[in-house]
Amino acid sequence: MQQTQNSSIISNPDNPCNLKTSSNVSSGDRSKIADEPIQELSENALMKYKSAGTIANDVLQKLVPLCSEGKSALEICQTGDSSILQHLEGVFTKKVDGKPISKGIAFPTCVNVNNTICHYSPLKSDPVVLLKAGDLVKIDLGVHIDGYIAVCAQTFVIGAQVGCAATGRQGDVILAAHAAAYAAASLLKPGNKSQDVTKAISDIAKAYNCTPVAG
């Protein structure tokens with residue numbers, strides 16, 4: 001993973017998201033966790049989420065046009081990480097109880113090309129990866145403010161544009177991901193279950209003869 005300054009996340013004990021997860025509890029305890037009441041977010045927490053989300057999206061939109069033929073994945077990752085830190089310098093600057101609010105890179109900028117699904121944030125010593133026309137690129141990154149995390153991603157094909165769209169299997173997988181994302185978002189409402197979202201994604205992927213990737 002690319003090394004960056006201020007990239008560690010300091011847990012906020014008041015953050016309602018600092019709950020047990022399936023990765024650190026036994027299967028017998030998961031049902032108990034599912035029954036715990038959902039904590040309502042405070043205005044302050046919501047503001048931190050929104051600010052982190054705004055920064056993450058702004059940086060992502062800046063990076064997409066930079067992904068052109070001949071550009072290196074390392075260069076784009078470095079630009080993304082430095083942009084995140086630069087944006088964070090201007091928000092939540094007031095200290096709380098004499099201490100600065102923790103903020104930084106929640107997830108380093110990754111530029112994942114073709115069959116590389118995710119998490120490619122190279123070191124300077126790694127082999128150079130240069131983008132080529134027709135490459136299927138996935139960018140993802142994350143920002144946190146006081147432990148409140150916003151993550152975003154975008155998938156696109158180098159050189160694709162109006163009148164010259166991606167075709168074949170590239171076109172299939174992009175359309176499948178696009179439709180699945182909209183379906184998932186529409187199902188995120190009170191009363192629905194996570195398996196409803198999973199089923200919708202699976203059904204759409206199947207229609208395009210694609211396979212969902214487990215996160």
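**Cysteines and the strands around β2**

The sulfur of Cys 110 lies 6.1 Å from the closest cysteine sulfur, that of Cys 77, which is too far for a bond. A disulfide is defined here as a pair of cysteine sulfur atoms within 2.5 Å, and a search of the whole structure returns zero disulfides. Cys 77 is accordingly in no disulfide, its nearest cysteine sulfur being that of Cys 110. Cys 110 has a relative accessible area of 0% and counts as buried; Cys 77 is likewise buried, at 0%. Buried denotes under 20% relative accessible area, computed with a 1.4 Å probe on protein chains only.

The model is predicted: local features need pLDDT of at least 70 and side-chain atom pairs pLDDT 80 or more, while totals for chains, interfaces and linings use all residues. Residues are numbered from 1 along each chain as its sequence is written, and side-chain values use heavy atoms, without hydrogens and water.

Strands are DSSP runs of E of at least two residues, numbered from the N terminus. In strand β2 (residues 136–145), ten of the ten residues are buried, so the strand is largely enclosed by the rest of the structure. Both faces are covered, with Leu 136 and Gly 142 among the buried residues on one side and Val 137 and Ile 145 among those on the other.

Two strands pair if DSSP finds at least two bridges between them. Strand β1 (residues 103–113) runs antiparallel to β2 and is joined to it by eight bridges; Ile 105 has Val 143 as its bridge partner in β2. Val 143 is also partnered with Ala 150 in β3. Strand β3 (residues 148–157) pairs with β2 in the antiparallel sense over ten bridges. β2 and β3 form a hairpin with two residues between them, and Asp 146 in the turn has a positive phi of about 60°.

Conventions: Buried < 20%, exposed > 50% of the residue type's maximum accessible area, 1.4 Å probe, protein only. Helix = DSSP H or I, 4+ residues; strand = E, 2+ residues; numbered from the N terminus.
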